[in-house]
Amino acid sequence: PDLPTVGPDDFARRFALRAEKLMWFLGSGASAAAGIPTADDMIWEFKQRLYVSQRGAAPSSVADLSNPLVRGLLQGHIDASGKLPAFAAPDEYAALFEAVWSAERDRQTYIDSKIKGGKPSYGHLALATLLRAGMARLVWTTNFDPLVADACAKLYGGTGHLTTATPDSPDLAKNTLESERWPLEIKLHGDFRSRRLKNTADELRHQDERLRRSFVGCGHRYGLIVAGYSGRDDSILDAFEEVLQSDSPFPTGLFWLHRGEDPPLRRVSAFLKHAAQKMGGEVGLVQVENFDEMLRDLIRNSSGLDTAALDAFVGQRPRRTAAPSPQANK
């Protein structure tokens, strides 16, 4: 069967009526406009580092990671090793990260370097606007960066309004959910300050069980918007699938925002088709230009919002060039 879809305008109208009953799930693509590299960006950097260190090549010879010839050279080296996953395999990111840096300390240093200097984009500030208005309450994310928290601090005029839970603090997530102390952000792969960053295959397989249980429980009460997320993590897709086993999964809808012309990963496609069998027209892939533009549309279609801080931000800050569209997933 064809992949279920929902038009961007249809999604914006549904969101305006259901916002407070929809939770968000953010992946690295949601941070691209803020200057944070996506998982795809890091995958090619990992391949570049392995090529340079293992072949003794000059870094300048493979410096342009947007060049198809350079990518072909790097991919050929990875394929020839016979030890790493195939191109676009679900575990490609985790395996490459571990191959480049086996020590947790080094992986954390790398992540710190990548998120340093990132500033909230329009999309983050728009999401913070929705959080302050109660039109968004709960954000799940695989991202390490503090951009949602930074946007909330800017909008609220201080810290302390957003609760952020990580794998280091699963009880905080559980207690905040039970008491409905909104807004809440839950970082499934750890915070950038956390000692329990989840990067490698083994770490991803052992996703904190209590956070997973919390997600599954919320999936029986709320709908879900997925933004900027490729679906590479089996542990997270397993949790998504587990929600579908209930009688009323994602009761206010499941909307997967997707950039580029290429189809999503096979497992994501299979998940959406399975969800459509259970939920009918309340499931769909929503084709979007990027995270920021989709949030701009949601703000336009939502009434009663205080957008003064958001309007000032737009006037003060130049817009970044959108990240390139993702490569095809074979």
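1. A search of the whole structure, which is a predicted model, finds zero disulfides, a disulfide being a pair of cysteine sulfur atoms within 2.5 Å. Cys152 is in no disulfide, and the nearest cysteine sulfur, that of Cys218, is 18 Å away. That distance is too far for a bond. Cys152 is buried, with a relative accessible area of 1%, and Cys218 is buried at 2%. Here buried means under 20% relative accessible area, exposed over 50%, and partly exposed in between (1.4 Å probe, protein chains only).

2. Regarding conventions, local features need pLDDT of at least 70 and side-chain atom pairs count only at pLDDT 80 or more, whereas totals for chains, interfaces and linings use all residues. Residues are numbered from 1 along each chain as its sequence is written, and side-chain values use heavy atoms, with hydrogens and water left out.

3. The largest nonpolar core holds 38 residues, of which Phe11, Phe15, Trp24, Leu26 and Leu130 touch the most other members. Such a core is a set of buried Ala, Val, Leu, Ile, Met, Phe, Trp, Tyr and Cys residues joined through side-chain atoms within 4.5 Å. Among the elements that give two or more residues to this core are helix H1 (8-18), strand E1 (22-26), helix H6 (122-132) and helix H13 (291-300). Helices (H or I, at least four residues) and strands (E, at least two) are DSSP runs, numbered from the N terminus. H6 gives the most to this core, with seven residues. A second, separate core of 35 residues includes Leu138, Leu211, Val226 and Val243.

4. Is H6 enclosed or open, and what covers its buried residues? Ten of its eleven residues are buried, so H6 is largely enclosed by the rest of the structure. The cover of these buried residues includes H1, E1, strand E2 (138-141), H7, H13 and H14. Within H6, Leu130 is one of the buried residues. Leaving aside neighbours within four places in sequence, Leu130 is in contact (heavy atoms within 4.5 Å) with Phe15, Trp24, Met135, Ala136, Leu295, Ile299 and Leu305. Just after H6, Gly134 takes a positive phi of about 80°.

5. Strand E4 (residues 184-187) is covered on both faces, with Leu184 and Ile186 buried on one side and Glu185 and Lys187 buried on the other. E4 runs parallel to E2, to which four bridges join it; Lys187 is the bridge partner of Thr141. E4 also pairs in the parallel sense with strand E3 (residues 163-165), over three bridges, and there Glu185 is the bridge partner of Thr164. Two strands pair if DSSP finds at least two bridges between them.

6. E3, helix H8 (residues 170-179) and E4 make a right-handed β-α-β unit; a crossover is right-handed if, with the strands pointing away from the viewer, the path from the first strand over the helix to the second runs clockwise. The loop between H8 and E4 contains Pro183, which is joined to Trp182 by a cis peptide bond with omega of about -5°.

7. Ala88, with phi near 65°, is found in the loop between helix H3 (68-81) and helix H4 (92-100); Ala88 is buried, with a relative accessible area of 11%. Phe250, with phi near 40°, is found in the loop between helix H11 (234-243) and E6, and is buried at 1%.
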